Amino acid sequence: MINKSPPLCVCPAGWKLLAMLALVLVITVWYSISREDSFYFPIPDKEEPCLQGEAERKAAKLFGNYSRDQPIFLQLKDYFWVKTPSAYELPYGTKGSEDMLLRVLAITSSSIPESILRLQCRRCVVVGNGHRLRNSSLGEAIDKHDMVIRLNNAPVSGYEGDVGSKTTMRLFYPESAHFNPKVENNPDTLLVLVAFKAMDFHWIESILSDKKRVRKGFWKQPPLIWDVNPKQIRILNPFFMEVAADKLLSLPMPQPRKVKQKPTTGLLAITLALHLCDVVHIAGFGYPDPYNRKQTIHYYEQITLKSMAGSGHNVSQEALAIKRMLEIGAVKNLTYF
Ligand SMILES: CC(=O)N[C@H]1[C@H]([C@H](O)[C@H](O)CO)O[C@](OP(=O)(O)OC[C@H]2O[C@@H](n3ccc(N)nc3=O)[C@H](O)[C@@H]2O)(C(=O)O)C[C@@H]1O
Ligand SMILES: CO[C@@H]1[C@H](O)[C@@H](O)[C@H](O[C@H]2[C@H](O)[C@@H](NC(C)=O)[C@H](OCc3ccccc3)O[C@@H]2CO)O[C@@H]1CO
């Protein structure tokens, strides 16, 4: 017997049901993305080839042919007698901070570990502190990189599944130093000080030489006791801050006194990685839309964009810079942007 009843999708009730389901799906996707609890995480490639000098070649489109003979970390030998003084003051140069630096560099190191130097091709990942790392399950993929670069006081403990636990390098300044560095880093993590002001050198010197601590001059109280091995400390060459400001954000150089804009530590870390690595991945970058006042910005704490007022960062300008880097393939994103 032939069944004469029409198929489900052509009767009006069937269409309505389908339309309702589609609407629910659209709303769920929209809500998920707007809250950044996104369930969409691209699965990272199995084994991407590592081509020597690839990041540098691609980044040349952005940076031009800038000098690559700059050391990654400041070195003592350059401060005994300053042949060519820096053109800029901190955070873009060392002009005026030479004496302080001489003391700091005498008690720290500038070497790049042998384990990094002997790699033929360096695959790096810069882990931003953004909320989109939450529930990402990217921990394992992050840890597979030769170098994992982390920022500020971002924790790994308790978040290993999403952000991994390997930390090759951590960029920080006194106000962003984790009070318990041993818990959130590995014993061989390089703790890379990004100096914004002369007091930042003063802080590290007083910690490492156990001299009298100075409490004034910081916008937030940094640790007064900081349990680290001086051999782990490095001082980042301010050249990378200059490149990020000048080439990526087109900020006026030198900065007029009144202009307080500066790159975020994340953008600085990407700039550094493009100089140091052959393949550069990023994860956890991207802020909520400015009108999204309730969305938390970090994967580890409940603060919103409001807390960044007065920070001197132009996050929409930075987003454009990161998009350009993604477009030309200089960096690849493990989260979404
Ligand atoms: C209140 C405040 O000053 N917040 C600044 C904090 C704060 O000082 C430290 O977390 C220490 O507490 O530091 C900053 O950055 P923060 O420590 O928040 O994040 C590190 C880097 O990750 C990228 N990021 C972060 C969150 C997000 N939703 N999207 C992102 O892309 C950014 O590139 C960012 O640099 C900083 O140093 O740049 C920038 C923030 O403006
Ligand atoms: C990469 O910049 C770091 C961080 O992302 C910024 O938010 C932070 O900005 C602070 C800024 O550097 C402070 N300016 C000076 C000159 O110290 C500013 O100071 C205002 C202030 C002063 C005294 C007491 C409280 C606040 O505060 C900004 C943060 O709100 O700079 C970081 C690098 O240090």
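Where is Tyr88 found? I began with this residue in what is a predicted model, and I located Tyr88 in the loop between α2 (54–63) and α3 (98–107).

**Entry 1: Tyr88 and its surroundings**

I listed what Tyr88 touches once residues up to four places away in sequence are not counted, and I found Gly93, Thr94, Lys95, Glu242, Met253 and Pro254. I then looked up Phe239, which is 151 residues from Tyr88 in sequence, while the C-alpha atoms of Tyr88 and Phe239 are 9.5 Å apart in space.

**Entry 2: α10 against α11**

I turned next to the pairing of α10 (residues 265–276) with α11 (residues 315–327), where the axes come within 11 Å and cross at roughly 25°. That angle makes α10 roughly parallel to α11, because angles under 35 degrees are counted in that way. I also noted that the crossing in which α10 passes α11 is left-handed. Leu267, Ile270 and Leu274 are the residues of α10 that meet α11, and their partners there are Glu318, Ile322 and Met325. By class, I have five nonpolar, no polar and one charged residues in the contact of α10 with α11.

**Entry 3: the nonpolar cores**

Which residues touch the most other members of the largest nonpolar core? I found these to be Val126, Met169, Leu171, Ile270, Leu274 and Met325, out of the 47 residues in that core. Helix α10 gives the most to this core, with eight residues. Apart from this core lies another, of 22 residues, and I wrote down Leu74, Val104, Ala195 and Trp203 as being among them.

I finished with Val126, leaving aside its neighbours within four places in sequence, and I listed its contacts as Ile149, Gly266, Ala269, Ile270, Ala273, His281, Ile282, Ala283 and Phe285.

Definitions and conventions:
Residues are numbered from 1 along each chain as its sequence is written. Chains are lettered from A and ligands numbered from 1 in the order in which they are written. This is a predicted model: local features need pLDDT of at least 70, side-chain atom pairs count only at pLDDT 80 or more; totals for chains, interfaces and linings use all residues. Side-chain values use heavy atoms; hydrogens and water are left out. Axes are lines fitted to C-alpha atoms, for helices over the stretch in contact, and angles run from 0 to 180 degrees between N-to-C directions. Helices (H or I, at least four residues) and strands (E, at least two) are DSSP runs, numbered from the N terminus. Angles under 35 degrees count as roughly parallel, over 145 as roughly antiparallel, 65 to 115 as roughly perpendicular and the rest as oblique. A crossing is left-handed if the near helix is turned anticlockwise from the far one by less than a right angle, and right-handed if clockwise. Contact means heavy atoms within 4.5 Å. Ala, Val, Leu, Ile, Met, Phe, Trp, Tyr, Cys and Pro count as nonpolar, Asp, Glu, Lys and Arg as charged, and the others, Gly among them, as polar. A nonpolar core is a set of buried Ala, Val, Leu, Ile, Met, Phe, Trp, Tyr and Cys residues joined through side-chain atoms within 4.5 Å. Buried means under 20% relative accessible area, exposed over 50%, partly exposed in between (1.4 Å probe, protein chains only).
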